[in-house]
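Reader: Please show me how to read the features of a structure, one at a time. I would like the general idea before each case.

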Amino acid sequence: RQNWGYCSIFFSIIQTIVLSLMMWQCGVAPMSINPMVGPYPDGLSEWGGKNSVLILEDNEWWRLVTPILLHAGVIHLLCNVAVQLETGVFFEKEWGSVRWMIVYMFSAVGSSVLSVIVMPNAVSVGSSGAVMGLFGGKLAEVILRFCEPNDTEQEQIGHKVRKEQCFGVTC
């Protein structure tokens, strides 16, 4: 256990700075083009959004990671950062920064790979896949610990807590 969610806070700050810089450089698109209050769509690809053609044909594999730093607009950023700062910090404090980072990054890359397969014609950005991976990691932990014995009173209390965590994560 640790007292702060250093990585969650760091990523949230970087994501906010990157969106600010994108909007400064690329301008803010009208609401009819980008209802998320953000840059023009071309700017998302230019800044490193998931672009299947560039990943597969031009070998720009770094585009599997960079989308977690980018967001379509202020609304998109606020939604992702809110969950990342509330739940992500909680999980990081519980798991530690190294475990949190492993789950976060594998989820980020995995969601980008899945996006290349399922939505090859779309430019994708955001940390939603990485954040949902944290929920998946917590659900896996709860399920595995749910199978532990509950003979003593303390183990029974732990079992009840895991039931509540399982319900909370799935909701």
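The dialogue below takes up ring pairs, salt bridges, a surface patch and a pocket.

Author: This is a predicted model, in which local features need pLDDT of at least 70, side-chain atom pairs count only at pLDDT 80 or more, and totals for chains, interfaces and linings use all residues. Residues are numbered from 1 along each chain as its sequence is written, and side-chain values use heavy atoms, with hydrogens and water left out.

Reader: How many aromatic pairs are there, and what rule counts them?

Author: Rings of Phe, Tyr and Trp (its six-membered ring) pair if their centres lie within 6.5 Å; planes under 30 degrees apart count as stacked, over 60 as edge-to-face and the rest as tilted. The count here is seven aromatic pairs. In one of them, Phe11 and Tyr104, the ring centres are 4.9 Å apart and the planes are at 45°, so this pair is tilted.

Reader: Which parts of the chain does the pair of Phe11 and Tyr104 link?

Author: Helices (H or I, at least four residues) and strands (E, at least two) are DSSP runs, numbered from the N terminus. Phe11 sits in helix 1 (residues 6-26) and Tyr104 in helix 5 (residues 97-118), so the pair links distant parts of the chain, 93 residues apart. Ring pairs also join Phe10, Phe11, Trp100 and Tyr104 into a cluster.

Reader: Are Phe11 and Tyr104 buried or exposed?

Author: Buried means under 20% relative accessible area, exposed over 50%, and partly exposed in between (1.4 Å probe, protein chains only). Phe11 has a relative accessible area of 8% and is buried; Tyr104, at 0%, also counts as buried.

Reader: How many salt bridges does a search of the whole structure find?

Author: A salt bridge is a side-chain nitrogen of Lys or Arg within 4 Å of a carboxyl oxygen of Asp or Glu. The search finds four. Among them, Arg63 meets Glu60 at 2.5 Å, N to O, and Arg63 is buried, with a relative accessible area of 5%. In another, the closest N and O atoms of Lys138 and Glu94 are 2.7 Å apart. Lys138 lies in helix 6 and Glu94 in helix 4 (residues 74-95), so that pair ties together parts 44 residues apart in sequence. Lys138 is buried at 1% relative accessible area.

Reader: Which residues are linked with Lys138 in a network of salt bridges?

Author: The network links Glu94, Lys138, Glu141 and Arg145. Glu141 and Arg145 form a salt bridge with their closest N and O atoms 3.6 Å apart. These two are four residues apart in helix 6, about one helical turn. Glu141 is buried at 18% relative accessibility, while Arg145, at 40%, is partly exposed.

Reader: Which residues make the nonpolar surface patch?

Author: Patches are made of residues with over 30% relative accessible area and no salt bridge; like charges are joined within 9 Å, nonpolar side chains (Val, Leu, Ile, Met, Phe, Trp, Tyr) within 5 Å. Here Trp4, Tyr6, Ile9, Ile13, Ile17, Leu21, Trp24 and Leu85 make a nonpolar patch of about 890 Å². Helix 1 gives the largest share, six residues. Ile9, in helix 1, is partly exposed at 32%.

Reader: Which helix gives the most to the lining of the largest pocket?

Author: Helix 5 does, with four residues. On a 1 Å grid over the protein atoms alone, a pocket is an open set of points where a 1.4 Å probe fits, with protein on both sides within 12 Å along at least five of seven lines; lining residues have an atom within 4 Å of a point. The largest pocket is lined by 14 residues, and Ser111, Ser115, Ser124, Val125 and Gly126 lie nearest its centre.

Definitions and conventions:
Accessible areas come from the Shrake-Rupley method with a 1.4 Å probe; for residues, only the protein chains shown count as cover.
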